[in-house]
Amino acid sequence: METCKKQSDDSPVENPRLTPSVQFLLKTGDNNHPLVKGYLEKKKAYDEQCRRQMSEKKHSEPEPLPPLNPIDVEDLYRAFKEFFGHTQGKPFNEMANHTNGFMYGETGILARTLCAYFIGHRSFLKSPILNRKSDPNLRKGIMIIGSYGCGKTSTLKTFYEMFIKAKSHPITIKDIKGFEQLLRRYRIYFSFHTANDIVAEYEGLQSPDEKDYFWRIHKGGFKYYDDVMTERTASNFGKIELFKDIFEHRYSTGVRTIITLNYAGDSVDETLNNIAEKYGERVYDRLFEMFNIIELKGKSLRK
């Protein structure tokens with residue numbers, strides 16, 4: 001006997017049995033016979049309950065997601081600009097620090113370059129702001145060198161906040177075939193830290209176990225460290241240049257790292273030489289394997 005559950009409780013509604021007597025009466029058209037009327041009422045109730053059950057099941061099941069195609073880099077740039085306005089409280093000025101020969105200013109080129117990088121798009125390798133001292137490679141991290149206030153941190157923080165919000169909110173993005181996709185499906189995420197906050201965190205450690213946990217966190221995962229080279233020497237567990245150890249650990253584990261830093265002197269060469277002086281030749285030698293180098297030459301945008 002087929003059954004269909006009622007919506008109000010767990011007791012089943014049975015599909016009424018079509019007896020030979022009822023079948024004969026239906027063929028003769030005698031729908032007013034008590035046996036036929038009873039059968040038809042039960043059949044109607046059963047069918048209605050089943051329709052409701054199927055309707056509720058249909059509405060409770062999420063719609064199937066489209067196939068996961070690569071993100072359209074232009075639509076990610078569109079989403080970035082919208083999110084920048086929400087998080088920074090002002091529109092994104094893609095023409096800031098514009099120079100002749102380019103469609104966008106340096107800030108727009110930086111944001112578009114990072115869009116390509118985060119989704120693994122090969123247009124990243126042709127970005128005009130990549131410094132060729134390090135061979136461009138999507139498997140490397142990124143070192144962004146530029147003057148104070150030229151948009152390094154605000155741009156990267158916007159990407160960070162957009163990706164982390166997408167983990168719990170329905171932020172959508174178009175893929176290369178034009179389908180709307182949930183951004184969270186692409187699992188793009190990096191953590192954000194300022195260099196001096198990391199030193200303060202390290203100096204607050206109270207035990208060797210806490211120190212071990214600190215290093216487990218900073219050895220792995222895709223991470224962004226802001227204002228590297230401005231941090232003071234850490235004084236807990238002996239005086240150390242903390243980022244010397246962080247870079248060496250992350251080099252050994254092969255994870256990607258993003259860092260931003262200001263010019264030391266007037267050029268990328270002077271800045272890299274200052275890194276060698278602060279963290280040692282061993283770290284300097286590994287920088288070119290760890291990082292793509294982006295150089296921003298524009299002036300400060302702060303007013």
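Two residues count as being in contact when heavy atoms lie within 4.5 Å. Keep that cut-off in mind for the close-up views below, which come from a predicted model.

**View 1. Leu 182 and its contacts.**
Leaving aside neighbours within four places in sequence, Leu 182 is in contact with Pro 170, Ile 171 and Thr 172. Leu 182 has a relative accessible area of 21% and is partly exposed.

**View 2. An open sheet of 6 strands.**
Here the strands follow the order β3-β10-β4-β9-β8-β7, and their pairing is mixed. At the edges you will find β3 and β7 (191–194), each of which pairs on one side only. Look next at β8 (residues 223–226) and β9: these strands run parallel and are joined by 3 bridges. To find your place there, look for Tyr 225, whose bridge partner in β9 is Ile 259.

**View 3. Helices against the sheet.**
Helix α5 (residues 152–166) lies across β4, β7, β8, β9 and β10, and runs at about 155° to β9. Another helix, α10, also packs on the sheet, where α10 touches β4, β9 and β10. The direction of α10 makes about 90° with that of β10.

**View 4. Helix α9 and its buried side.**
Helix α9 covers residues 268–279, 12 residues in total, and reaches 16 Å from its first C-alpha to its last, close to the 16 Å expected at 1.5 Å a residue. Its buried residues are Val 268, Thr 271, Leu 272, Ile 275, Ala 276 and Tyr 279. These residues lie on the same side of α9 because they cover an arc of only 150° around the axis. What covers them? The cover includes β3 (130–131), β4 (141–146), α8 (242–253), β9 (257–262), α10 (281–290) and β10 (291–296).

At the N-terminal end, α9 is capped by Ser 267, which has a side-chain oxygen 3.5 Å from the backbone nitrogen of Asp 269. At the other end, α9 is followed by Gly 280, whose phi is positive, near 100°.

Notes
Residues numbered from 1 in each chain as written. Predicted model: local features only at pLDDT ≥ 70, side-chain atom pairs only at ≥ 80, totals over all residues. Heavy atoms only, no water. Helix = DSSP H or I, 4+ residues; strand = E, 2+ residues; numbered from the N terminus. Expected span 1.5 Å × (residues − 1). Buried < 20%, exposed > 50% of the residue type's maximum accessible area, 1.4 Å probe, protein only. Arc of directions from axis to C-beta. Polar contact = N/O pair within 3.5 Å; in protein donor to acceptor, adjacent residues only side chain to side chain. Pairing = 2+ DSSP bridges. Axes fitted to C-alpha atoms, helices over the stretch in contact; angles between N-to-C directions.
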